[in-house]
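I opened my notebook for a quick tour of this model. Here is what I looked up, entry by entry.

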Amino acid sequence: MAAADFTFREGSGTDLTALVALDSSFNSEWVLYLERHGGAIEQTVDLRWRKVRPAGSRRQFETSVERLARHLSRSECLVIGETNGDVAGYLMLATNWWNQTAEVVEVLVDLNYRGQGLGKLFVERAETFARERRLRALQWEAQNDNRHAIEFACSQGFRIAGFHDAYYENRGYERQDAVDSIGLAIFLTRELD
(Lines give C-alpha, C1' and ligand atoms only; values in the text may rest on other atoms or scores of the structure.)
Protein backbone atom coordinates (compact mmCIF):
# COMPACT_ATOMS: atom_id res chain seq x y z
CA MET A 1 0.00 0.00 0.00
CA ALA A 2 1.36 3.41 -0.92
CA ALA A 3 2.19 5.79 1.87
CA ALA A 4 -0.30 8.59 2.38
CA ASP A 5 0.68 12.23 2.72
CA PHE A 6 -0.30 13.06 6.28
CA THR A 7 -0.74 16.50 7.80
CA PHE A 8 -1.09 17.25 11.49
CA ARG A 9 -3.03 19.74 13.52
CA GLU A 10 -3.82 20.35 17.15
CA GLY A 11 -7.14 18.82 18.08
CA SER A 12 -9.79 19.82 20.61
CA GLY A 13 -13.01 18.60 22.12
CA THR A 14 -14.84 19.53 18.92
CA ASP A 15 -13.01 16.67 17.17
CA LEU A 16 -14.20 13.90 19.49
CA THR A 17 -17.24 12.87 17.44
CA ALA A 18 -15.03 12.34 14.38
CA LEU A 19 -12.50 10.40 16.46
CA VAL A 20 -15.16 8.04 17.82
CA ALA A 21 -16.16 7.25 14.21
CA LEU A 22 -12.67 5.90 13.35
CA ASP A 23 -12.34 2.14 12.83
CA SER A 24 -10.40 0.95 15.87
CA SER A 25 -10.86 -2.75 15.16
CA PHE A 26 -7.94 -5.14 15.28
CA ASN A 27 -7.23 -8.83 14.82
CA SER A 28 -7.53 -10.48 18.23
CA GLU A 29 -6.92 -14.16 17.52
CA TRP A 30 -3.40 -14.01 19.04
CA VAL A 31 -2.79 -13.16 22.68
CA LEU A 32 0.52 -12.41 24.39
CA TYR A 33 -0.37 -15.08 26.90
CA LEU A 34 0.79 -14.72 30.49
CA GLU A 35 1.84 -17.82 32.45
CA ARG A 36 3.00 -17.70 36.04
CA HIS A 37 5.15 -20.22 37.87
CA GLY A 38 5.90 -20.14 41.60
CA GLY A 39 4.36 -18.36 44.54
CA ALA A 40 2.72 -15.02 45.09
CA ILE A 41 6.02 -13.19 45.59
CA GLU A 42 8.79 -15.28 44.11
CA GLN A 43 7.64 -16.27 40.68
CA THR A 44 8.67 -16.41 37.07
CA VAL A 45 6.48 -15.13 34.29
CA ASP A 46 6.38 -16.28 30.68
CA LEU A 47 4.85 -14.16 27.92
CA ARG A 48 4.32 -16.06 24.67
CA TRP A 49 2.12 -15.54 21.65
CA ARG A 50 -0.71 -18.06 21.69
CA LYS A 51 -3.56 -18.37 19.24
CA VAL A 52 -6.63 -18.48 21.47
CA ARG A 53 -9.46 -17.40 19.16
CA PRO A 54 -10.63 -18.47 15.72
CA ALA A 55 -8.82 -17.10 12.66
CA GLY A 56 -10.11 -13.69 11.68
CA SER A 57 -11.35 -12.81 15.18
CA ARG A 58 -11.59 -9.06 15.57
CA ARG A 59 -12.23 -6.74 18.46
CA GLN A 60 -13.06 -3.06 18.52
CA PHE A 61 -12.11 -0.71 21.33
CA GLU A 62 -15.14 0.45 23.26
CA THR A 63 -15.20 4.18 22.87
CA SER A 64 -17.52 7.14 23.23
CA VAL A 65 -17.31 10.89 23.17
CA GLU A 66 -17.55 10.85 26.98
CA ARG A 67 -14.65 8.40 27.34
CA LEU A 68 -12.44 10.37 24.94
CA ALA A 69 -13.38 13.60 26.75
CA ARG A 70 -12.15 12.10 30.03
CA HIS A 71 -8.85 11.09 28.39
CA LEU A 72 -8.52 14.48 26.73
CA SER A 73 -9.07 16.24 30.06
CA ARG A 74 -5.94 14.59 31.48
CA SER A 75 -3.90 15.02 28.30
CA GLU A 76 -1.69 17.95 27.43
CA CYS A 77 -2.09 17.64 23.71
CA LEU A 78 -4.24 16.03 21.06
CA VAL A 79 -2.63 15.60 17.65
CA ILE A 80 -4.91 14.82 14.71
CA GLY A 81 -3.44 13.12 11.64
CA GLU A 82 -5.25 13.81 8.38
CA THR A 83 -4.90 12.93 4.73
CA ASN A 84 -6.95 14.29 1.85
CA GLY A 85 -9.25 16.02 4.33
CA ASP A 86 -10.03 12.82 6.23
CA VAL A 87 -9.13 12.17 9.86
CA ALA A 88 -6.80 9.14 9.76
CA GLY A 89 -5.85 8.92 13.44
CA TYR A 90 -5.01 10.73 16.63
CA LEU A 91 -2.53 10.84 19.48
CA MET A 92 -3.09 12.08 23.05
CA LEU A 93 -0.08 12.72 25.30
CA ALA A 94 0.40 13.61 28.95
CA THR A 95 3.34 14.19 31.26
CA ASN A 96 3.87 12.10 34.37
CA TRP A 97 6.07 14.56 36.24
CA TRP A 98 6.47 12.28 39.27
CA ASN A 99 8.46 9.77 37.21
CA GLN A 100 9.62 12.10 34.42
CA THR A 101 7.92 10.22 31.57
CA ALA A 102 5.61 11.06 28.72
CA GLU A 103 2.52 8.89 28.56
CA VAL A 104 0.80 7.88 25.36
CA VAL A 105 -2.72 8.31 26.74
CA GLU A 106 -4.44 7.30 23.49
CA VAL A 107 -3.20 6.53 20.01
CA LEU A 108 -5.30 5.23 17.17
CA VAL A 109 -4.79 4.86 13.45
CA ASP A 110 -7.97 4.11 11.52
CA LEU A 111 -7.95 0.61 10.01
CA ASN A 112 -7.98 2.08 6.47
CA TYR A 113 -4.73 3.99 7.10
CA ARG A 114 -2.65 1.41 8.95
CA GLY A 115 0.65 0.41 7.40
CA GLN A 116 1.14 3.80 5.73
CA GLY A 117 3.52 5.39 8.25
CA LEU A 118 1.13 7.38 10.43
CA GLY A 119 1.91 5.34 13.56
CA LYS A 120 5.63 5.97 13.11
CA LEU A 121 4.96 9.69 12.70
CA PHE A 122 2.90 9.65 15.92
CA VAL A 123 5.81 7.98 17.77
CA GLU A 124 8.13 10.71 16.45
CA ARG A 125 5.66 13.34 17.71
CA ALA A 126 5.57 11.65 21.12
CA GLU A 127 9.37 11.61 21.29
CA THR A 128 9.53 15.31 20.39
CA PHE A 129 6.93 16.05 23.09
CA ALA A 130 9.04 14.16 25.67
CA ARG A 131 12.35 15.71 24.64
CA GLU A 132 10.92 19.26 24.73
CA ARG A 133 10.03 18.60 28.37
CA ARG A 134 13.35 16.90 29.12
CA LEU A 135 11.61 13.67 30.09
CA ARG A 136 13.51 10.41 30.38
CA ALA A 137 11.13 7.97 28.65
CA LEU A 138 7.92 7.32 26.77
CA GLN A 139 5.30 5.01 28.32
CA TRP A 140 2.61 3.14 26.38
CA GLU A 141 0.01 0.58 27.43
CA ALA A 142 -1.51 -1.96 25.05
CA GLN A 143 -3.81 -4.91 25.59
CA ASN A 144 -2.31 -8.36 25.28
CA ASP A 145 -4.69 -9.34 22.48
CA ASN A 146 -3.58 -6.43 20.30
CA ARG A 147 -0.60 -8.16 18.70
CA HIS A 148 -0.18 -5.55 15.99
CA ALA A 149 0.09 -2.70 18.51
CA ILE A 150 2.59 -4.55 20.71
CA GLU A 151 4.77 -5.62 17.79
CA PHE A 152 4.56 -2.13 16.27
CA ALA A 153 5.62 -0.51 19.55
CA CYS A 154 8.57 -2.90 19.85
CA SER A 155 9.59 -2.11 16.25
CA GLN A 156 9.71 1.57 17.29
CA GLY A 157 12.16 0.96 20.12
CA PHE A 158 9.74 0.22 22.95
CA ARG A 159 10.22 -2.83 25.16
CA ILE A 160 7.82 -4.66 27.43
CA ALA A 161 8.38 -3.34 30.95
CA GLY A 162 5.52 -5.00 32.80
CA PHE A 163 1.91 -6.10 32.88
CA HIS A 164 -1.22 -5.80 34.99
CA ASP A 165 -3.49 -8.84 35.02
CA ALA A 166 -6.51 -7.11 36.62
CA TYR A 167 -6.29 -3.71 34.93
CA TYR A 168 -9.47 -4.15 32.88
CA GLU A 169 -11.36 -6.93 34.59
CA ASN A 170 -11.15 -9.08 37.69
CA ARG A 171 -9.62 -12.50 37.10
CA GLY A 172 -8.16 -11.27 33.81
CA TYR A 173 -5.34 -13.78 34.18
CA GLU A 174 -7.86 -16.62 34.30
CA ARG A 175 -9.90 -15.24 31.39
CA GLN A 176 -7.17 -14.86 28.76
CA ASP A 177 -8.73 -17.63 26.62
CA ALA A 178 -12.29 -16.28 26.88
CA VAL A 179 -13.83 -14.95 23.68
CA ASP A 180 -15.15 -11.90 25.53
CA SER A 181 -11.93 -11.15 27.45
CA ILE A 182 -10.79 -7.57 27.05
CA GLY A 183 -7.19 -8.44 27.70
CA LEU A 184 -4.42 -7.84 30.15
CA ALA A 185 -2.50 -4.56 30.21
CA ILE A 186 1.00 -4.75 28.72
CA PHE A 187 3.19 -1.77 29.64
CA LEU A 188 5.84 -0.69 27.17
CA THR A 189 8.62 1.83 27.62
CA ARG A 190 11.08 3.58 25.37
CA GLU A 191 13.97 5.18 27.19
CA LEU A 192 15.32 8.42 25.73
CA ASP A 193 19.00 9.34 25.80
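For what follows, I take contact to mean heavy atoms within 4.5 Å. Axes are lines fitted to C-alpha atoms, for helices over the stretch in contact, with angles from 0 to 180 degrees between N-to-C directions. Helices (H or I, at least four residues) and strands (E, at least two) are DSSP runs numbered from the N terminus.

A note on the ground rules: this is a predicted model, where local features need pLDDT of at least 70 and side-chain atom pairs count only at pLDDT 80 or more, while totals for chains, interfaces and linings use all residues. Residues are numbered from 1 along each chain as its sequence is written, and side-chain values use heavy atoms, leaving out hydrogens and water.

**Sheet.** I traced an open, mixed sheet of seven strands in the order β1-β6-β7-β8-β9-β11-β10, counting two strands as paired if DSSP finds at least two bridges between them. β1 (7-10) and β10 (159-164) are at the edges with a single partner strand each, so one side of each has no neighbour in the sheet. On average, neighbouring strands are turned by 25° against each other, direction ignored. I then checked β8 (residues 101-109) and β9 (residues 137-143): they run parallel and are joined by four bridges. There, E103 sits opposite Q139 in β9.

**Helices on the sheet.** I found α3 (residues 118-132) lying across β1, β6 (77-83), β7 (86-96), β8, β9 and β11 (185-191), at about 30° to β7. Helix α4 (residues 147-155) lies across β9, β10 and β11, at about 160° to β9.

**Helix α2.** Which residues of α2 (residues 65-73) are buried? I noted L68, H71 and L72, where buried means under 20% relative accessible area, exposed over 50% and partly exposed in between (1.4 Å probe, protein chains only). They cover an arc of only 100° around the axis, which puts them on the same side of α2; the arc is that of the directions from the helix axis to the C-beta atoms. The face turned away from that buried side carries the exposed E66, R70 and S73. Among the elements covering the buried residues of α2 are α1 (16-20), β6, β7 and β8.

**R48.** I located R48 in strand β4 (residues 43-51). R48 counts as exposed because its relative accessibility is 54%. Not counting residues up to four places away in sequence, R48 touches V31, L32 and Y33. R48 and Y33 are 15 residues apart in sequence, yet 5.3 Å apart in space, C-alpha to C-alpha.
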